[in-house]
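Colleague: I am new to reading protein models. Could you take me through this one, step by step?

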Amino acid sequence: MSAERPVQITPCPNGPLLVRGDVELVDGDGEVIPHTRRTVALCRCGVSLIKPYCDGSHKMVGFRTEEASG
């Protein structure tokens, strides 16, 4: 019997969202987006050529996230 890993989402500063755990990705039409890794990097800059996944394009376009205010 294997225990499911809880889903964890970590925003990388000026980069993607790292999603870890047992998660199903679904597109706007409700179709499952296949992935083979237990950790995936999701694009936040909108420039990736392999959306929804990150391809590192955020570095070339100078994507910046806002700092959290405390």
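Predicted model: local features only at pLDDT ≥ 70, side-chain atom pairs only at ≥ 80, totals over all residues.

Colleague: In what order do the elements run from the N terminus on?

Modeller: Count the parts first. Now read along from the N terminus: the order is β-β-β-β-β-α.

Colleague: Which strands are the edge strands of the open sheet?

Modeller: The sheet has three strands, in the order β1-β2-β5, with antiparallel pairing. An edge strand pairs on one side only. That gives β1 (8-11) and β5 (39-42).

Colleague: By how many degrees are neighbouring strands of this sheet turned against each other on average?

Modeller: Direction is ignored here. The average turn is 20 degrees.

Colleague: Which residue in β2 is the bridge partner of T10?

Modeller: Look at β1 and β2 (residues 17-20). They pair in the antiparallel sense over four bridges. In β2, the partner of T10 is L18.

Colleague: Is H58 buried or exposed?

Modeller: First find the residue: H58 sits in helix α1 (residues 57-61). Its relative accessible area is 10%. Buried means under 20%. So H58 is buried.

Colleague: Which residues does H58 touch, not counting those up to four places away in sequence?

Modeller: Heavy atoms within 4.5 Å make a contact. By that rule, H58 touches N14, G15, P16, C45 and F63.

Colleague: What separates the C-alpha atoms of F63 and R44?

Modeller: F63 lies in the segment after α1. Leaving aside neighbours within four places in sequence, its contacts are N14, G15, R44, C45 and H58. Along the chain, F63 and R44 are 19 residues apart. Their C-alpha atoms are separated by 8.7 Å.

Colleague: What percentage of the residues is buried?

Modeller: The protein chain has 70 residues. Its C-alpha atoms fill a box of roughly 45 × 30 × 20 Å, taken along the principal axes. The buried share of the residues is 21%.

Colleague: How far apart do the centres of the positive and negative side chains lie?

Modeller: Take the two sets in turn. There are 8 positive side chains and 9 negative ones. The centres of these sets lie apart by 11 Å.

Key
Residues numbered from 1 in each chain as written. Heavy atoms only, no water. Pairing = 2+ DSSP bridges. Helix = DSSP H or I, 4+ residues; strand = E, 2+ residues; numbered from the N terminus. Axes fitted to C-alpha atoms, helices over the stretch in contact; angles between N-to-C directions. Buried < 20%, exposed > 50% of the residue type's maximum accessible area, 1.4 Å probe, protein only. Lys, Arg positive; Asp, Glu negative; His and termini not counted. Charge placed at Lys NZ, Arg CZ, Asp CG, Glu CD.
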